[in-house]
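Subject: Structure for you to look at

Hello,

Here is the structure I said I would pass on. My notes follow it.

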Amino acid sequence: MKTIASFTINHLTLLPGVYVSRKDNVGDAVVTTFDLRITRPNAEPVMNTAEVHTIEHLGATFLRNHSEFGSRIVYFGPMGCRTGFYLLLAGDYESADIIPLLRELFAFIRDYKGEVPGASAIACGNYLDMNLPMANYYGARYLEVLEHITGERMKYPE
C-alpha cells in the first residue's frame, strides 16, 4: 500500500501550529484539511481523552455557529494520536486565512464555563469523559501559539 501523506511528515520536528494537511477536490469544490497541532508530537505528553472530548464538543459547537465560517465547516475532531485536531473547511484556504477564526475559537475554549454543550447521556455516547478545566488550559496554551504564530508554524517541516 502507498503511504498516506500525513505519515510522511517528520513528527520529530513538528511544532504546535496550524498546517494545511491536504486539499481535496469534491466535485467542483475544494475541501481544505487543517492540522491544528496543539502539543509537540513525541516530545511532550499527549492530551487525555477527557480534555480532547471537551475541546471537540466546544469546538464543534462554536465553529458550526460561527457567523462567517459556520456554513463552511465540514468537520472538527481529534487526531487519533491526541496531539491535535483536524478542521475541514469547504473552500481553498491557507493557514494564515484562518488564524483569526482559530484565535476566536481557542479564546472561547479558554474562557468557557458552565455545562459543556452536548454533555448528556441523551446527546453523547460517552458524556462522563469530560474535563473542562484541562480544555480551558489547552485553549489558553494554544491561543499563545496563535497569538505569536510565525511562518514556521504554518508550513510543515521539510
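Helices (H or I, at least four residues) and strands (E, at least two) are DSSP runs numbered from the N terminus, and the expected span of a helix is 1.5 Å times one less than its number of residues. The model is predicted: local features need pLDDT of at least 70, side-chain atom pairs count only at pLDDT 80 or more, and totals for chains, interfaces and linings use all residues. Residues are numbered from 1 along each chain as its sequence is written, and side-chain values use heavy atoms, without hydrogens and water.

**Helix α3**

Helix α3 covers residues 132–147, and its 16 residues reach 22 Å from first C-alpha to last, close to the 22 Å expected. Its buried residues (under 20% relative accessible area, 1.4 Å probe, protein chains only) include Leu132, Ala135, Tyr138 and Tyr142. The buried residues of α3 pack against β1, β2, α1 and α2, where contact means heavy atoms within 4.5 Å.

**α1 against α3**

These two helices pack at an angle of about 70°, their axes 8 Å apart; axes are lines fitted to C-alpha atoms over the stretch in contact, and angles run from 0 to 180 degrees between N-to-C directions. That makes α1 roughly perpendicular to α3 (65 to 115 degrees). Glu51, Thr54, Ile55 and Leu58 of α1 meet Leu132, Met134, Ala135 and Tyr138 of α3.

**Histidine 57**

Histidine 57 lies in α1 and is buried, at a relative accessible area of 13%. Among the residues that histidine 57 touches are Val116, Cys124 and Met130.

Regards

How values were computed:
Buried < 20%, exposed > 50% of the residue type's maximum accessible area, 1.4 Å probe, protein only. Parallel < 35°, antiparallel > 145°, perpendicular 65-115°, else oblique. Lists of a residue's contacts leave out its neighbours within four places in sequence.
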